[in-house]
Amino acid sequence: MSKPAFYMRWPEFNIQVRCVPIHHNRELFDWFMRNLPTKCVQTVTVCAGLQLYMQNVKMEKVECDWIQEDQPQELMAEYPVGRFMFFMTAGHVANFTIKAGYATEPMPYPTWADVAEEDMDTFVSVANEIWESILQDKKTFHVEFFAAEE
Amino acid sequence: MDWKALKKEIEDIAAASVENCPEDILRVFEYEIAPEGCGTGGLMLGPWYEGATASRYLIPYYMYNIVKLTKDLNLSVERIRQHMRLTMTKALGTAELSGMLVLADLTRRTMACVDEMENREEVLELLNALYLYGSSINAWQNYRVKWGLNQAFVIPTGHELVEMGKRAEESYI
């Protein structure tokens, strides 16, 4: 059986990347998968470094059944580009970021997915374009998440 | 107060705000409109900071904490009400002060509704709706805040910031 995966797609760019589970927090990955499809406004972090930021993700189907502090965590400044972490997630609402470049915040977060290696350059390129836009011309971007077909 | 009607009203606004910028964010951050006298020295910087704090941290963050605590510690409805009164009152005042009128109105009505409710699961459904809406305006505030102080200054590109960072030690003697 193939590894489970989901796609994140930016409709304004018509670009998508594949995302896969990592070495820990597989239950968080599975919880996210059970709530797909979903979408939100695509923003970026500003003070914590270069990351894509998903702040208003509705988890309509299955309520959050884990607590951030109880999960294995990694330091944002140290984990690799393309890695997802959850932050301020509870009930039927998820918040998370994906590291896209430097990040200096020495804080631990529960990490749970990676952008697939073959899509990493595409991901970084899109993240840079969105980061520039939020500070400069302020175009609005959205991001959609949907399960990959097995 | 009909909690189901209020929940639907909040969820409808939250759903619309996935595509379109919420009214509060347009008014305060984009069009720079705020109630008379609410900014320090008549400047918009006060409402922006207060509004950013209300939308970015206070209301969704307190909602998150209450929903999370309820999961973690199995809080009773009375304890949820206690947490709401302790935390949300100040957040509500901050939202109103900065002209975040829709957010303040929905928050005030949610608090009043929870005061009359006894079913814990129903309370959580209502709080989840406000949490989602608060998170949405948090996201849009990220877009509309004047990161470059009203675009008065040229904002460095990401590449320029990296190059500036590499030469940071030249700033010190």
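Two residues are in contact if their C-beta atoms, placed from the backbone, lie within 7 Å. The model is predicted, with local features needing pLDDT of at least 70 and side-chain atom pairs counting only at pLDDT 80 or more, while totals for chains, interfaces and linings use all residues. Residues are numbered from 1 along each chain as its sequence is written, and chains are lettered from A in the order in which they are written.

**Exercise 1.** State what share of the contacts in chain B with a separation of 6 or more joins residues 24 or more positions apart, and describe the elements of chain B.

Step 1. Such residues account for 75% of those contacts in chain B.
Step 2. Chain B has 7 helices and 0 strands (DSSP runs numbered from the N terminus: H or I of at least four residues for helices, E of at least two for strands).
Step 3. The C-alpha trace of chain B spans about 65 × 35 × 30 Å along its principal axes.
Step 4. Of the 173 residues in chain B, 38% are buried (20 or more other C-beta atoms within 10 Å of the residue's own, with C-beta atoms placed from the backbone).

**Exercise 2.** Describe how α3(B) and α4(B) pack.

Step 1. Two packed helices are described by the angle between their axes and the distance between the axes.
Step 2. For α3(B) and α4(B), residues 77-97, the angle is about 170° and the axes are 8 Å apart (axes are lines fitted to C-alpha atoms over the stretch in contact, and angles run from 0 to 180 degrees between N-to-C directions).
Step 3. The two helices are therefore roughly antiparallel (angles over 145 degrees).
Step 4. Residues of α3(B) in this contact include B:L58, B:I59 and B:Y62, and those of α4(B) include B:M84, B:M88 and B:A91.
Step 5. By class, the contact has 12 nonpolar, 5 polar and 1 charged residues (Ala, Val, Leu, Ile, Met, Phe, Trp, Tyr, Cys and Pro are nonpolar, Asp, Glu, Lys and Arg charged, the others, Gly among them, polar).

**Exercise 3.** Work out which helix gives the largest share of the side of chain B that touches chain A.

Step 1. The contact takes 23 residues from chain B and 24 residues from chain A.
Step 2. On the chain B side, α3 (45-73) and α6 (120-144) each supply at least two residues.
Step 3. The largest share, 11 residues, comes from α6(B).
Step 4. That side has 12 nonpolar, 8 polar and 3 charged residues.

How values were computed: Angles under 35 degrees count as roughly parallel, over 145 as roughly antiparallel, 65 to 115 as roughly perpendicular and the rest as oblique. A residue is buried if 20 or more other C-beta atoms lie within 10 Å of its own, exposed if 12 or fewer, and partly exposed in between; C-beta atoms are placed from the backbone.
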